[in-house]
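Here is a friendly walk through one model, written for someone who likes to check each detail on screen. Please keep the sequence and the structure open while you read.

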Amino acid sequence: MAGKPKVFVTRRLPAAGLDRICQQCETEVWPEQMPPPYDLIRQKVADCDGLVSLLTDRIDAALMEAAPRLKVVSNYAVGFNNIDVAAATARGIAVGNTPGVLTDATADMAFCLLIAAARRLVESVHYAQAGQWKTWEPLGHLGQDLAGRTLGVVGMGRIGYALARRCRFGWDMQVLYHDTYRHEKAETELGARSVDLDTLLRQADFVSVHTDLNETTRGLFNAERFEKMKPTAVFVNTARGPIVIEKDLIAALKNGVIFAAGLDVTDPEPPEPSSELLRLPNLIVAPHIASATVGTRNAMAEICANNLLAGLSGQPLPAWVNPEVASKRRTSASG
Ligand code: DGY
């Protein structure tokens, strides 16, 4: 490769990763708070060797088709549903993500939403701020107990396991989980039981979603599934918004089908300002902040830089979404 590889970075990232990218590559960083429009990314990557993308950037076949030199897309996220991975593989483009380092931060946020929704924290704070707090009320602001209850984890991967651990050892909860694979460590260490989804929905007091977004999980939580949950149940989603049919969740919350919910992800993001999601007292919506700690975002930036630089030099990516691309990767010569 003559000179430094050319890279487009779709947002400012922590220096922990971005500094190395800037030192080793001819780098253009999109400076705005809002994402670059799709057409602009497409135009920018036309002569790039590498792309650093965010979960808000759609990286599809047409965009990659317009980037004949592109060797690597390094996504600054563990989720990569924004990227057409099959299209990248077909074109010899390596794709990287940032797994592992955001497990604890995301599990903390899932628990934060769980306990805040169960204890009606946000609603109560708004009540106090609005000057409505007149006295201590024996029957006011009653929420749900956590200790000894049952957690249902849908998708027992790294984050689901980390949440289950917190709930098992911190709150003495029973753990049920539903996944396509058995999680032996969760079973032996936490006594978790693998059950079908219906059983989980009927028996869990808290249902927390930790699956990928794919064609099987899109719309998984619909009216029928909420109907199966306990009227005292709390539902939490820190995975991806489209796993939930939001109008069905809104109806379930308004009609007392379930007790409360906490979302860190919505569909779309952000919700329309007029959306009922932002108005229900028994729903907490956070702006997709589960990985938003200084340490986690720095660690994500480091992995993201490592993936990018490995991809540019033809090395295996440390966190490689499509290792099957190895035999047909684009090289500088083919670029
Ligand atoms: C991810 O990484 O996929 C999260 O949603 C944001 O950190």
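Helices (H or I, at least four residues) and strands (E, at least two residues) are DSSP runs, numbered from the N terminus. The model is predicted, so local features need pLDDT of at least 70 and side-chain atom pairs count only at pLDDT 80 or more, while totals for chains, interfaces and linings use all residues. Residues are numbered from 1 along each chain as its sequence is written, and side-chain values use heavy atoms, with hydrogens and water left out.

Let's begin with the loop between strand 11 (260–263) and strand 12 (283–285), where Pro268 is found. Pro270 lies in the loop between strand 11 and strand 12 too. Asp267 and Pro268 are joined by a cis peptide bond, with omega about 5°. Another cis peptide bond links Glu269 to Pro270, and its omega is about -10°. Elsewhere, Arg120 sits in the loop between helix 5 and helix 6 (121–129). Phi of Arg120 is near 55°, a positive value in a residue other than glycine.

Next, the ligand. Which residues surround it? They are Leu55, Ala77, Val78, Gly79, Leu102, Arg240, His288, Ser291 and Met300, each with a heavy atom within 4 Å of the ligand. The table lists polar contacts, meaning pairs of N or O atoms within 3.5 Å.

| Residue | Atom in the residue | Distance to a ligand oxygen atom |
|---|---|---|
| Val78 | backbone N or O | 2.7 Å |
| Arg240 | polar side-chain atom | 2.7 Å |
| Ser291 | side-chain N or O | 2.7 Å |

Now for the helix pairs. Axes are lines fitted to C-alpha atoms, for helices over the stretch in contact, and angles run from 0 to 180 degrees between N-to-C directions. Angles under 35 degrees count as roughly parallel, over 145 as roughly antiparallel, 65 to 115 as roughly perpendicular and the rest as oblique.

The axes of helix 1 (residues 15–24) and helix 12 (residues 294–312) come within 6 Å and cross at roughly 25°. Helix 1 is therefore roughly parallel to helix 12. On the helix 1 side, the contact (heavy atoms within 4.5 Å) uses Ala16, Gly17, Arg20, Ile21 and Gln24. Helix 12 contributes Asn298, Ala301, Glu302, Ala305, Asn306, Leu308 and Leu309.

Helix 5 (residues 103–118) and helix 7 (residues 158–171) have axes that come within 8 Å and cross at roughly 55°. These two helices, helix 5 and helix 7, are therefore oblique to each other. Residues of helix 5 in this contact include Phe111 and Ile115, and among those of helix 7 are Leu163 and Trp171.

Methods
Polar contact = N/O pair within 3.5 Å; in protein donor to acceptor, adjacent residues only side chain to side chain.
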